[in-house]
Amino acid sequence: MRAVVAARAGGPEVLEPTDVPDPEPGADEVLVRVAAAGVNFIDTYRRTGTYPMPYPHVVGSEGAGEVVAVGPDVTTLAPGDHVAWADVPGSYAELVAVPERSALVVPPGLDDRTAAGLPLQGMTAHYLSASTFPLGRGHDVLLHAAAGGVGLLLTQLAAARGARVIATVGSAEKEALARAAGAADVIRYRELSDLTAELPALVRDLTGGRGVHVVYDSVGKDTFDASLASLRTRGTLVLFGGSSGQVPPVDLQRLNAAGSLFVTRPTLAHHTLTADERAWRWREVAEPAVAGALDVRVGATFPLADAAEAHRALEGRATTGKVLLLP
């Protein structure tokens, strides 16, 4: 089969389409013919070595497709079923062996491409809004990268919970997408000459001088200081990514001086620890997607062989919504 291999740590150029042996499903695994693989920032962190990985390795951890074979201990799935997954290494490939415990059953009415765009980013948006900082009516939210994959889903979930979303985006096109998803206010950060000084001032103007209850920040190094300064007293900064780079060590005394602030760095793995929790989060995003209440925007697709170009587009902030690779 064809797969995309990172031969060493580095930039997108290290991604090489390669012929590798077909995987065999283990006793508790299903073999899936991949219809689409999700492209996520975590893939770039693993590619660069920011997150330690063995090299060479087949890149990717998310996708969807049709089960073509099952291991002898599998009891809940059969050939012909359609499944998605968020956390299976080696997903930039034509075939993937998926543990039964990781397989998310794709409900009728949800096509494979849409299903591939939902597990990691959809369940991330769900835990951020339902668990890390449970949103409700009256909450003011600052959301960076609001036109990205997580951003558009999180905006919809936050607005559905009654929260007011102040979105940051980089262009007029992305502003339109954020507003369509439910953002009440949108700030184009590229029009600010000093993000750290000007963004908090704009946020406070929009919140009666108080600041927001929570900032959801997937950008990291470039936005961290502005995010802290945009919070109200006892506000929470949720740092869940680092598309601009990782945040340097922080003097915790800053949190005291700025108003007894909270900072957390969550990840999806710690919010899908049990089968029940994983099923709950998947159901909470898959069912609204089928019903049309949650729009899963696939902003770009690339052939599997062009994975390097997909990474360049993602890291260059040239994408909106979900990016998929099509084998």
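This tour moves through the structure one selection at a time and states what each selection contains.

The model is predicted, so local features require pLDDT of at least 70 and side-chain atom pairs count only at pLDDT 80 or more, while totals for chains, interfaces and linings use all residues. Residues are numbered from 1 along each chain as its sequence is written, and side-chain values use heavy atoms, with hydrogens and water left out.

**Helix α4**

Next, select residues 149-160, which make up helix α4. The expected span of a helix is 1.5 Å times one less than its number of residues. For the 12 residues of α4 this should give 16 Å, and the end C-alpha atoms are 17 Å apart, which agrees. Of these residues, 10 of the 12 are buried, so α4 is largely enclosed by the rest of the structure; buried means under 20% relative accessible area, exposed over 50% and partly exposed in between (1.4 Å probe, protein chains only). Among the elements that cover the buried residues are α3 (119-132), β9 (140-143) and β12 (212-217), where contact means heavy atoms within 4.5 Å. Just after the helix, glycine 162 has a positive phi of about 95 degrees.

Continue to β10 (residues 164-169) and β11 (residues 185-188), parallel strands joined by 4 bridges. Threonine 168 stands opposite isoleucine 187 in β11.

**The nonpolar cores**

A nonpolar core is a set of buried Ala, Val, Leu, Ile, Met, Phe, Trp, Tyr and Cys residues joined through side-chain atoms within 4.5 Å. In the largest, which has 49 residues, those touching the most other members are Leu110, Leu118, Leu128, Leu135, Tyr216 and Trp282. Helix α4 gives the most to this core, with 6 residues. A second, separate core of 37 residues includes Leu31, Ala37, Val59 and Val98.

**Helix α9**

Select residues 275-291 for helix α9, whose 17 residues should span 24 Å; the end C-alpha atoms are 24 Å apart, which agrees. At arginine 283 the helix bends by about 25 degrees, the angle between axes fitted to the seven residues ending there and the seven starting there. Its buried residues are Arg278, Arg281, Trp282, Val285, Ala286 and Ala289. Just after α9, glycine 292 takes a positive phi of about 85 degrees.

**Glycine 242**

Finish at glycine 242, in the loop between β13 (231-239) and α8 (253-257). Glycine 242 is buried, with a relative accessible area of 4%. Leaving out residues up to four places away in sequence, glycine 242 touches Tyr45, Ser218, Val219 and Gly220. The C-alpha atom of lysine 221, 21 residues apart along the chain, is separated from that of glycine 242 by 6.7 Å.

How values were computed
Pairing = 2+ DSSP bridges. Helix = DSSP H or I, 4+ residues; strand = E, 2+ residues; numbered from the N terminus.
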